[in-house]
There are 2 protein chains.
Amino acid sequence: MSFHQYFYLFHSYNKFFIKTIFKTKYIFLNIIVLSFLMEKIQAHIIGEIISSNSAEAYSLYKKSNFGEKVEDKIQYSFSEILFLVENKKMDVFSGNKKIQKEALLKKLRRFDKKIQIKYPVFKDLRIKGYVIKTALKFGADFRVYPKGAKPGKKHAKWIVFVDHESKKLTWHEFSAKNRVAHSTKKNLLLAILDEEGDVTYYEVSWIKP
Amino acid sequence: MSFHQYFYLFHSYNKFFIKTIFKTKYIFLNIIVLSFLMEKIQAHIIGEIISSNSAEAYSLYKKSNFGEKVEDKIQYSFSEILFLVENKKMDVFSGNKKIQKEALLKKLRRFDKKIQIKYPVFKDLRIKGYVIKTALKFGADFRVYPKGAKPGKKHAKWIVFVDHESKKLTWHEFSAKNRVAHSTKKNLLLAILDEEGDVTYYEVSWIKP
């Protein structure tokens, strides 16, 4: 496919789909289709940091809020990495060597033990069109922005705590999660992953009846 | 005080307060004042059942939804008993012998191990003007009706699960509570009693983002 053919195809696709579908729940389909049309992002891992300065990385950052601009690069959360690699939108390189999906997951699991529980929630919400960012500052797992929102311009809709169905919690832990959400004026969303990989969501508010 | 004086005083009080204050948060004050004006309810315990057929019992049932009509008697929940006894509105008799408050609490604790945790929540919500009924049918601790509501005529605002801050819970238990509330189309209220006897409330909804 020549550059002009590619450009034409990509442009037509953009015109037809992006304006009508991009902000809807079909974002996942869109990403799949885009992945056939766009070049893959080449990302590089250095220590725990995975980033890219490719044109595709900037384009996806602008369109779909994947990654964060750090200096002249786009830097990704681990969940974003897994999502983009799974959807064939990204290859991750260590030096010149491409890291295979399984090896990548193993590596990320070393950095974040909870990634296996967090990623299915990220994926489920991202497919539904939400924009999901990390939430270390909030002592939570994710911030979730409304569908199509630009983080920084809109407030997060929820802060999310992820847990696996097999876990227990104390009321002290439960209270702490609520206090964090309340003090940052955000709603609390509990995302519980079951054994089959499905996620159940509970919205919790601290109230004074 | 003669019957006429008593009646006049009671009637004036009713006229002045009941219409304006009874349905507000001053219900507690109201009950205290009423307790000086009204005769105490004489209730009788037979097995686990505490009931009364006195005029005062019927009056309080009609005005403030204390107790439930069972055949020709007004039958009380354990929390109601403790509340009325504590506010000097009721004496409980076993045969001809009045049971003292401490002995009564001990007795009720034998019937319901959770009464010590449930009662402070009942008291806190009742003082705020809510009408509180048992919720065995719902597998919960209480049904809570809006302030001044007549149970049976209005739907419960919440079903309440009470727990002590020192307890743990599994996500399975958490999920079960939500399922009960959801399937009965009621809101779920978690009432957590702390070591100092204060209650913190969390409203929880099962949502599909």
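1. Lys114(B) counts as partly exposed, because its relative accessibility is 28%. Partly exposed lies between buried, under 20% relative accessible area, and exposed, over 50% (1.4 Å probe, protein chains only). Lys114(B) forms a salt bridge with Asp141(B), and the closest N and O atoms are 2.7 Å apart. A salt bridge is a side-chain nitrogen of Lys or Arg within 4 Å of a carboxyl oxygen of Asp or Glu. The pair links distant parts of the chain, 27 residues apart. Lys114(B) sits in the loop between helix 5 (101–111) and helix 6 (115–127) of chain B. Asp141(B) sits in the loop between strand 7 (131–134) and strand 8 (142–145) of chain B. Asp141(B) is buried, at 10% relative accessibility.

2. A note on the basis. This is a predicted model: local features need pLDDT of at least 70, side-chain atom pairs count only at pLDDT 80 or more, and totals for chains, interfaces and linings use all residues. Residues are numbered from 1 along each chain as its sequence is written, chains are lettered from A and ligands numbered from 1 in the order in which they are written, and side-chain values use heavy atoms, with hydrogens and water left out.

3. Over all chains, the structure holds 16 salt bridges. One of them joins Lys123(A) to Glu86(A), with the closest N and O atoms 2.6 Å apart. Lys123(A) lies in helix 6 (residues 115–127) of chain A and Glu86(A) in helix 4 (residues 78–86) of chain A, so the pair ties together parts 37 residues apart in sequence. Helices (H or I, at least four residues) and strands (E, at least two) are DSSP runs, numbered from the N terminus. Lys123(A) is partly exposed at 26%. Glu86(A) is partly exposed at 27%.

4. In chain B, the side chains of Lys98(B) and Asp91(B) meet in a salt bridge (3.4 Å, N to O). Lys98(B) is partly exposed, at 37% relative accessible area. Asp91(B) counts as buried, at 16%. In chain A, Lys40(A), Asp91(A) and Lys98(A) are linked in a network of salt bridges.

5. Lys133(A) deserves a look. This residue lies in strand 7 (residues 131–134) of chain A. Lys133(A) counts as buried, because its relative accessibility is 6%. A polar atom of its side chain lies 2.9 Å from the backbone oxygen of Asn65(A). The backbone oxygen of Gly67(A) also lies 2.9 Å from a polar atom of the Lys133(A) side chain.

6. Now the interface. The contact takes 28 residues from chain B and 28 residues from chain A. The area buried between the two chains is about 2,600 Å², and carbon and sulfur atoms give 69% of it. Buried area is the accessible area (1.4 Å probe) that two parts lose on being put together, summed over both. Trp171(B), Tyr202(B) and Pro209(B) supply 33% of the area that chain B buries against chain A, more than any other three residues. The count of salt bridges between chain B and chain A is 0.

7. Strand 10 (residues 168–170) of chain A and strand 10 of chain B pair in the antiparallel sense over 3 bridges. Pairing requires that DSSP finds at least two bridges between two strands. Thr170(A) stands opposite Lys168(B) in strand 10 of chain B.

How values were computed
Polar contact = N/O pair within 3.5 Å; in protein donor to acceptor, adjacent residues only side chain to side chain. Contact = heavy atoms within 4.5 Å.
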